[in-house]
Amino acid sequence: MSAEFNDYEGAGNMDKERMKCLLQYSQAVSVRFPRIMIAAEKSGGGKTLFTCALLSLLKERVQTVRAFKCGPDYIDPMFHRTVLEIPSRNLDSFFADGDTLRYLLGREVLEMEKFPESRIAVLEGVMGFYDGLGGVSERSSAWEVADLTDTPVILLVDMKGRSLSALASINGFLDYKEKSHVTGIVFNRLSPMLYPGLKERAERELGIRVFGYVPELKDLTLKSRHLGLVMPEEILGIRERLDLIKEKVRVGINLDGIIEEAGRAAEIEVKLPEAVRQFCNVDCGTGVKKTVVAVAKDEAFCFYYEDNLDLLKKLGAEIQYFSPILDRNLPEGTCAVYLGGGYPELHAKALSENISMRNAIRQAVMEEVPCIAECGGYLYLKDSIVDPDGVEWPMAGVLPGSSRDTGKLGRFGYITVTSKKEGLLGPAGTEFRAHEFHHWDSEENGTDFAAKKPVGTRGWDCGYTTESFYAGFPHLYFYSNVKIAENFIKCAETWKKKNSVVK
């Protein structure tokens, strides 16, 4: 590949274990690698479709492609994963500070088995480029992630219903911040006949590079439902559909130019955050005996941050997946249970009819097996769920009450959560950042934590906790407070010793 794909200084002579040591001891490593963000003027601007097409095209040209999603979204990374067949990760500047964001981004380069000369990272933005907290701040926006990671941005400009007027909008995006990071644009939903003239004027009048256009893809849109896009595995022929989108996009974009622009990304400094270094078992090759954490994963439970799971592994966990729909019991040797979010309401009948698993989960909680249950996992632990047809189905019966569709998002968005009593996640006063995102709600949601919105004065009580248990609507992000993940694994290790669990 061209010269922009340079290794960071000394990487060519550095093996993976040496790099782990550098990270463990918090020595900063200067990293230069190609990366680009795909942003848009507004939500619904076509970011996910274009990002998936770009990832697929890059796979044909670049040896190592990595994908990231700005913000807390779970579903868009599933589409990235469908294309790349490896996990996509989140970069969220509400959950994590700049050092942690740069670590999570740069680590994807630092921890490769090899250091290929050809690599690129693609970040998909969130909402409109400058849209952040409360709709009145750029905090936690795609722009802030680009700024903290010094990532060049290609703005995807929706041309439906306009032509030259779009240049005024682009000019506004370029000038709104002194350092916008926008270095190029792609016209979306544009007629090929209009493209040459608009490209010439944009480049001449605005001094911005134009990397192509995407025609209107009338029959290739992705369906949505109450928590966002329908998940890729639910779409019949999803790979064929994504291939069709790729070919439509291929015709109109300058892929060489995009790769070149990504290669101009500046060097960033990466180091393991102190909080992570203090607690994690990365030890330059020394083996760590693993503790089995059973993670629910199937059609009903699928919302997990890859970095949450990776951090648990760093802390000494062995992740074993199980299906509350299909499996009859927890994995052998289970020392902790993690019930993530998802769509239990859409699979309530199947979950309810698996009485063996419901009993196993309830018994594990009663035996004080450490358990984290968030949002959908929390609803599974309640007495019942009312499905979209109004039928009530028994659930695990660990917590009181039922849940039903409210017809709208409840307590939607980012929150800072503070524990009011000692429990699994830490002592009273333990604080972490999270978010809520759900249509189903319950009258009984616990009072062991206080949640507060980051903008304004709104707050509420939520969640349940004991020394071995956390359950509530808030989705946790462990890198917002590494200590809560450490407490979870330490509790699992203590339970393992106490009960003589042998793998």
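Modeller: On a 1 Å grid laid over the protein atoms alone, a cavity is a set of points where a 1.4 Å probe fits but cannot get out, and its lining residues are those with an atom within 4 Å of a point. Grid points are joined across faces, edges and corners, and a volume is the space filled by probe spheres set on the points. Before we use these terms, note that this is a predicted model, in which local features need pLDDT of at least 70 and side-chain atom pairs count only at pLDDT 80 or more, while totals for chains, interfaces and linings use all residues. Residues are numbered from 1 along each chain as its sequence is written, and side-chain values use heavy atoms, with hydrogens and water left out.

Colleague: How many cavities of 30 Å³ or more does a search of the whole structure find, and what volume has the largest cavity?

Modeller: The general idea is that rolling a probe the size of a water molecule over the atoms shows where empty space is left. Here the search returns 3 cavities of 30 Å³ or more, and the largest cavity has a volume of about 60 Å³.

Colleague: Which residues lie nearest the centre of the largest cavity, and how is its lining divided by class?

Modeller: Its lining consists of 12 residues, and those nearest the centre are Gly342, Glu345, Cys375, Leu379 and His438. For the classes, Ala, Val, Leu, Ile, Met, Phe, Trp, Tyr, Cys and Pro count as nonpolar, Asp, Glu, Lys and Arg as charged, and the others, Gly among them, as polar. On that scheme the lining of the largest cavity has 7 nonpolar, 4 polar and 1 charged residues.

Colleague: How many helices and strands are there in the protein, and what share of its residues count as buried?

Modeller: Helices (H or I, at least four residues) and strands (E, at least two) are DSSP runs, numbered from the N terminus, and the protein has 15 helices and 28 strands. A residue is buried under 20% relative accessible area, exposed over 50%, and partly exposed in between, judged with a 1.4 Å probe and protein chains only. Of the 503 residues of the protein, 61% count as buried.

Colleague: At what angle do the axes of helix 2 and helix 9 cross?

Modeller: Axes are lines fitted to C-alpha atoms, for helices over the stretch in contact, and angles run from 0 to 180 degrees between N-to-C directions. Angles under 35 degrees count as roughly parallel, over 145 as roughly antiparallel, 65 to 115 as roughly perpendicular and the rest as oblique. The axes of helix 2 (residues 47-59) and helix 9 (residues 255-263) come within 11 Å and cross at roughly 90 degrees, and the two helices are therefore roughly perpendicular to each other. Contact means heavy atoms within 4.5 Å, and in this sense Leu54, Leu57 and Leu58 of helix 2 meet Leu255, Ile258 and Ile259 of helix 9. By class, this contact has 6 nonpolar, no polar and no charged residues.

Colleague: Is Thr51 buried or exposed, and which residues does Thr51 touch?

Modeller: Thr51, found in helix 2, counts as buried because its relative accessibility is 0%. Not counting residues up to four places away in sequence, Thr51 touches Ile38, His80, Val122 and Glu124.

Colleague: What phi has Met127, and what phi has His181?

Modeller: Met127 has a phi near 50 degrees and His181 one near 70 degrees, each a positive value in a residue other than glycine. Met127 sits in the loop between strand 5 (119-124) and helix 5 (142-149), and at 35% relative accessibility it counts as partly exposed. His181 belongs to the loop between helix 6 (165-176) and strand 7, and its relative accessible area of 8% makes it buried.

Colleague: Where is Tyr195, and which residues does Tyr195 touch?

Modeller: Tyr195 lies in helix 7 and, at 13% relative accessibility, is buried. Leaving out residues up to four places away in sequence, Tyr195 touches Phe187, Leu190, Val210, Phe211, Gly212 and Tyr213.

Notes. 1 Å grid on protein atoms, 1.4 Å probe; cavity = no way out; pocket = protein on both sides within 12 Å on 5 of 7 lines; lining within 4 Å.
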